[in-house]
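The sequence and structure are shown first.

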Amino acid sequence: MLFAPAAADEPQSAASVCEAQELKAKQAKNPALAIQIPPEFDKAWPSLDACRSHEAAWDEEAEGPKQPIPFSHKHHAGSFGIDCQYCHSGTDRSRAAGVPSVELCMGCHSQFPAEYDQLEGVQILKQHWDEKRPIEWVQIHRLPEHVKFQHQAHVRAGFDCQTCHGPVEELDKLYLVPDTRWWQYGLPTQKLEMGWCVMCHRDNGASQDCLTCHY
Amino acid sequence: MPSLQGVFDAPGPVAEAAKRLKNRGFSDLEIYAPAPFPELDDVLDPKPSRVRVYTLGGGLLGVVTGYAMAIWMSNDWPAMIGGKPFAAIPTYTVIGFELTILFGALATLLGLLLVGRLPYGSFGKNDKGYDKRFSSEEFGLVVGCRERDVAEVDALLRAHHAKEVNLVEA
Amino acid sequence: MPEIDRRSFLKLAGVSAGAAAAAGCSDHVEKLIPYVVQPEQMTPGNPVWYASTCRECSVGCGVHVKTREGRPIKLEGNPDHPINRGALCARAQASVERTYHPDRYPGPMRRNAAGQLAAASWDEALAQVAEAIRADPARVRVLGGDPGDTAHALLERVAAATGIAAPVVTQPFAREALRAATEQVFGVATQPIFDLSGADLVIDFGSELFESGPSPVEHQRQWADARDIQAHLEGGARLVYVGSRLSLTASSSDEWLAARPGSEGVLALALARAAIQAGAGAGAYDGLLSGVLAGASAEAAAQECDVSAETIERLGRALAKAQAAVALPPGSAVSSRRAVGSTAAVLLLNQVVGAVGSRLIVPAAQAGGARSSYRDVLALIREMRDEQVDVLLIHHSNPVYALPASAGFRDALAKVRLVVSFATAKDETSEKAHLVLPDHAPLEAWGDARPRAGVRALVQPTLRPLYDTRAFADAMLDLGRAVSPAAAAQLPAGSFRSELEAAWAGVDFRAAQKAGGVFVAPAHAATGFSAAQIQVAAPVLTGEGELTLLAFPHPFLGDGSGANLPLLQEVPDPVTHVAWDSWAEISLATAERLGVELGDVLRLESSAGAIEVAAFPRGGIRDDVIAVPTGQGHSVGHFASKAGQGLPDVARGVNVADVLPGDGVDESGGRAWLTEKPKVTASGRHRRLPLLQWSDNKRERQLGEAITLAALSGHDEHGAHHGPHEIHKPYDPAADAADEQYERTFHEQGENSAKASDYRWGMTVDLDRCTGCSACIAACYVENNLPRVGEDETRLVRQMAWLRIDRWVGEGEPVLEAGRVHPSKSRERLGDTDIRNAPIMCQHCGAAPCEPVCPVIATYHNEEGLNAMIYNRCIGTRYCANNCPYKVRRYNYWDHQLTKWPAPMELGLNPDVTVRGQGVMEKCTFCVQRVQYARQQAKNAGGKIADGAVQTACQQSCPSNVITFGNLRDPQSEASKKAADPKRGYHALHVLNTRPAVTYLSKVIRGKIEG
Amino acid sequence: MTPPPALPAALEHPHETSDSKINRDLLSVMDGVSPGYFLLLGTTILVVTAAALTWIYQIYIGLGIAGYTHPVFWGVYIVTFVFWIGIAHAGTLISAILFLFRAKWRNSINRSAEAMTVMAVMTAGMFLGIHVGRIWKAYFILPYPNQRGLWVNFRSPLEWDTFAISTYATTSIVFLFIGLIPDIAIARDRYAGWRKLLYTGLALGWQGTARQWKAHSRSVLHLSGLATPLVLSVHSVVSWDFAMSIVPGWHATIFAPYFVAGAIFSGFAMVLTVMIPVRRVFGLEEYITNYHFENMARLILLTSLIVGYAYVTEYFVAWYSGVEAEQSAFWFRAFGPYWFSTWTMITCNVVFPQLFWFKRLRTHVPTLFVVSTFVNIGMWFERYVIIITSLGREYDPAVWGIYTPTWAELTIFAGSFAFFAMLFLIFMKLLPVVAIYEVKELAIHERAHAAEGAH
């Protein structure tokens, strides 16, 4: 039932900003809901979806490997719409996309209000920064060594990152989004398989010379 | 309906007996032989065996497949090989030839099975009139006939030097 | 290497996805480890270059260090450097291996009770040394090589501050005689500079111009330019070589005088006399004829040197006629106990022919810097033996190995109470030390040097130290400070780095970092000339054998410092093609006399000791000489000894110094090498040498062509027949069968036709410029991650070299010799210099025999004329290799990437080149990774690949610009122009109609020098 | 030709026993295993195991354990491969070509010959796998549709090989099986237990009705028609593995006929080498008579002459061509470090078979056995000579070299013989080693003639 009179006498209270955000959300749905938020938790940041993304990024059930930090692409690239190349800066001028340095993360996070540190992910990040210790991300989009992929060529040709990496901006926890767009002689090709690359090259009139990728 | 089994020593008499019976209008005949004998081949079924059709068909299919495959595959992803043409017919002849033989041989086997009605009956749990002697060195002629013809057939078989005549089915 | 080190390394480096070290397509989880702080100038995936200086030998070439993700992976010559002008030698190419060497010490080590080296902390280690020094500084000595300019100065300051004796410097090949002779003749104690540019007659009295000479890379380039056939139709500079064996330099000479070793001085004087008589110096030196040259008649010299008087007269006239002659002094191999005299004689000859001031520059004496005198080293050994030394600090040298055993250093060392070594990686000396305070690897450290007047070179670190090491100078500073507050007070406050910058205060340091140093033209400072003190005498040889022992410097291993670098062991000696082992060169006659064949073990005995080494009979050596290279015979080191083959403490080859007398010093106290006539006997045993060339008989096949000067200039039609011009096929894209096909097919299909591809990559190889120095081979190894397969595999001729150099003696003859299991007999002859060095790499044939035989299209011809080899498609039928007439394809019989790169060597791999796995074929790709990189850069800039934008590794490193790579479809490209040479251009084995993309330019035979 | 000897008297009175003597004699080979047999089988299995382990180790550690060196990229593995392919030719030749020539004397040996064909092809096929560097990727050689969109190179002799060998294997198996069906039926009617089950399945319900026999003999005829050109093609293709290259000593137009002749040569020799002991052990003298052996000997003599002629031609062409590379290559063959292989080849293949000019010798079984064995040795060395010596002396003298086989190669080489023997031993106990129905065909004809003669 919508109204819970019992709840009225003992208001639910929050133990963290994130819980506070959740309660606020509930209350927004259900104004009758009595909530009690200690002032130290009554903050605008981290926002509700920041909290939720943070939660989802370490969701055990969700597909994909557990990363050292509950980092959510959905939150950063999606809701905040940060350009991919802001963090992965090498893409347009290098073979490798490049993974942002801890310094780059801190560039923004050092400026955010203190209560952000309630998020475990941010705490881990700052530990790394303080100890000058690199973050060991688990690689998801991996090509064998005998494939020489050129990020710059594809980015400069105007392909979206999503073409190969999938709808990253919608994912809290990243994984290799399956894609069997390309079919070869009635055989499905898995993402990052050779046939998958080749068919795209064919469709776009790109080189089919083996030496383009294998040397 | 009854059928009689005549046991013979040599292919010749069997052939003659079978011819006679056939002329008399007996159609339900079966000859058993321990080895292939030309004289027995055309007694019951004068038409040339159809196995050759299978062989020919297989062969033709093979040669076409061979050339077509080689040419299409070489052009599907054209890679320059030592400056040779993509449709290098002389070299693809080998492929065409080998597939001719391969398909031909398999088709022949298929032909044997179909034309020879193999696998036959209940895998040789002695069917009507078959006797292991026929896989030794004796010949058999099994005739299916009406009751009243039994005597006649029996006589006829014996007349053609059947060592013995048995009623294998009453 | 310990995990912690790797981490700390990764912290700074950070690996990009799929770093070359990661094996094939393994499923294990790959970590992406970004920087904590990313250097602003670097982008993962793109190379970063640092200008620095090579410290492998004393020449000091400038290098550009290519780093990827913070790891140096390749050295390339610094084009703006006055010495090497962009080229490098094999040793420099290999030096990157020092950084990732498995023998490196992870940190300070101290010998424990059990006698084993165990890890220690810097503080306790330094404290221990300081304690020992404090006890009695007078009984402390420092022995070492040249640590670099500022470092040495600092070292001397520390010595002074702590009251320990001035450091003793030891350098096996220090050219002390040359310094002394220069002082005698020109009155300046310095190392003169020889400049061959513009020379027209060069006489090398055994300096080994192109291998171990004063400045091999520089001189190769200058020589090649001075005789470039395009520029000098008359043939340009001629080279006369004086020496007893057909060395690399001799192989490139126009005339070879096989003089008796040690007689160079006499010959030089005789030549000087003949030259003066022929009018050299226009009477200025007639005085000498009655003076020092009085007795130097051609006849007398002919007796002494075993060179005909006629030749001496002829060359004398030639010298007089020459516009720009120059003579180079004897090198270490022929420096006898009378080295100063003969060197002085050669300097005098230079004076007579007017080379001084232009081609022979005598700069002002430099202050500071490390000076070495072998005599001082002997004195130190005596002190040690007499137990006057308690503490011995050893740096930048390996005296236990490098000094003759009979000098007694090893035993004397045992009498020193505390031996401290600053070695980076373990060697014979550091294994004897009580304490090891490891120095940085050269690529990790700061430093500087004054290799010669006018060149002040800077050494920059290119990666954060892999291990817990400390720069030698810093360690010495810390030591000095630890000894006493008083000492500390006299020492600079900062670190070595700050000292360095202070020392460079005068100049724009940032600019110097970019340029690799500060360079000015050297000024000639010699005022006078005096022949008064020149004392030429026959060498004093000990020992009662008939053969004179010629201990010549190994072109790659040098004094042995290169022996632990697998690459330098792997690249075969350019003359004998022996790798991973020692050999003893004897003449065919001597071999017959001793009854030995190739590989039969000889025993060399002298008062000093004995060695056993496999014989290498050849025609190109005097009958009275036995030649053994230096540098081998290490008993310590993963590659230097046989430890890497699972035979710890087993020496690889022999150390020729073991039979040399310990007291071999010349007049100036420098180390003499030509000192012994050992007893040579056949031991009766045989060992199969790791030998990489079967025959030097070309059998008249079109592999290394030559054309006479006359035929070239069209004078001599007869000679023309020997020239290859009638077999020449000038390049024509239509001559490329593949191109025809592409046009036919793709044109019909309306797809991107061959015309659409603007490139047809090709190469020209100018045999007339090639000296065979093998720098290209080394560069190829480093660039393309070629495994160093080691001795056993080399013995089975399973080396993986994509580029080899065939060495031919003349045209050869198609003899139907009954083949022997031995490689066929040497065809060299004394005085014969028609040697053709033909670098053979994949010819990228237009009608490639290897392509049609591959069942899986693992190798094919692409639109740009490259013969592609796709490793991951190969199933290893090896038919392509059988069908390759040039035999340039190599097969991975093992999983080399697992076995041949002991940690941390895999960190030095080039991430742009796939590391081939077990069972696949591989070959030269024309450095396609560089083509693709250039293509991407061009694309980004919105243009086409410019001519010269792609330099293959071999081309880049070549000291004499033998190789030109470029787009043959562009008639204006360098490569096209050179390939169009109507008379010299030819295709190897053209009769097979493989239509190669590589065009060779025949060697020009200039003939003997006319008087 | 001497007429076939009269058939043994016993056959003229088949009713004295419940079963015909032919059946009893020929089936008796299959039942009862002596300790000797087990000993033999055990030995072969041991050797095969050793070879298999070596192969596994080689796959794990790499081909480096073989003796390859820089110019010589093919070694004993390919030599042995070609050797077995050669052996594989006798079977089809005897059954197919002689069948077409109506050479009835073949009837008693063609079964074992066909069996040998199948086994030899199986053995040879394995060597392709042993030889390649990445057997785990060897399937790349098949033109199967794959997601990569890659196909194979139909211009490559090795690809032709793939097709030729697989076709040959399949066809020979079909040929063997069709021939076996009636005999399996015979066995089916005479055995109980697991054999009964097995044969019942394999006989496909064969009863020898007229219709079946008709189809059967037609199939055999047509298969013979197909197999005959196949035999010739297969070894031609194998020879092109070499002839299509530009290696001096390989690039010769004579190779196809030369190899085919050599194959028939070695094939017949192998049949003799195997059948002589088999006949002895199982007392089949009545069915496999000296008359058969003599005819084989005649063919061996003929092919030996052809092969000898080919050797001469090769040397002549090399000399006459004036191509220096060819000349030195052939000189090296005869007088280089591999002289022994060349002279072994010539002695065994050309000299010894000349003994067969004398009837006394070609009917003398021990001589036959010894000579045929030598021919096998000689033919192996022929391939050794062609492959190793040619590669050892190619165009660039700087990279000439010497190849010596290693323990690994020799183990696997021995294993191949053990494997062949093992298969044959098992075959003998499982299926009729002589074509029973064909022997009967002859016997009954004889009897018929005899009967007519009596009238």
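Helices and strands are here DSSP runs, of at least four residues for helices and at least two for strands, numbered from the N terminus. The model is predicted.

**A loop residue in chain C**

In chain C, C:D624 lies in the loop that connects β24 (610-618) with β25 (625-629). Its relative accessible area is 21%.

Leaving aside residues up to four places away in sequence, C:D624 touches C:R260, C:E546, C:L547 and C:T548. The side chain of C:D624 also forms a polar contact of 2.9 Å with the side chain of C:R622.

**A nonpolar patch involving chains C and D**

C:L816, D:W331, D:F335, D:W339, D:F340 and D:W343 make a nonpolar surface patch of about 590 Å². Two elements of chain D, α10 (324-335) and α11 (339-351), each give two or more residues to this patch. The most is given by α11(D), with 3 residues.

**Confidence in chains A and C**

The table gives the overall confidence for two chains.

| Chain | Mean pLDDT | Residues reaching 70 or more |
|---|---|---|
| Chain A | 86 | 95% |
| Chain C | 90 | 92% |

In chain C, residues 1-27 keep a pLDDT under 50, and the model has 57 contacts beyond four places in sequence for them. Residues 718-731 of chain C likewise have a pLDDT below 50, with 33 contacts in the model beyond near neighbours in sequence.

Where in chain A is confidence lowest, and where is it highest? Confidence is lowest in helix α1 (residues 5-9) of chain A, where the mean is 50, and highest in helix α8 (residues 151-156) of chain A, at 93. Over residues 1-8 of chain A, pLDDT stays under 50, and the model has 5 contacts beyond four places in sequence for this stretch.

Technical notes
Residues are numbered from 1 along each chain as its sequence is written. Chains are lettered from A and ligands numbered from 1 in the order in which they are written. This is a predicted model: local features need pLDDT of at least 70, side-chain atom pairs count only at pLDDT 80 or more; totals for chains, interfaces and linings use all residues. Side-chain values use heavy atoms; hydrogens and water are left out. Buried means under 20% relative accessible area, exposed over 50%, partly exposed in between (1.4 Å probe, protein chains only). Contact means heavy atoms within 4.5 Å. A polar contact is a pair of N or O atoms within 3.5 Å; within protein, one must be able to donate a hydrogen and the other to accept it, and residues adjacent in sequence count only if both atoms are side-chain atoms. pLDDT is the predictor's confidence in each residue, from 0 to 100. Patches are made of residues with over 30% relative accessible area and no salt bridge: like charges are joined within 9 Å, nonpolar side chains (Val, Leu, Ile, Met, Phe, Trp, Tyr) within 5 Å. Accessible areas come from the Shrake-Rupley method with a 1.4 Å probe; for residues, only the protein chains shown count as cover. A salt bridge is a side-chain nitrogen of Lys or Arg within 4 Å of a carboxyl oxygen of Asp or Glu.
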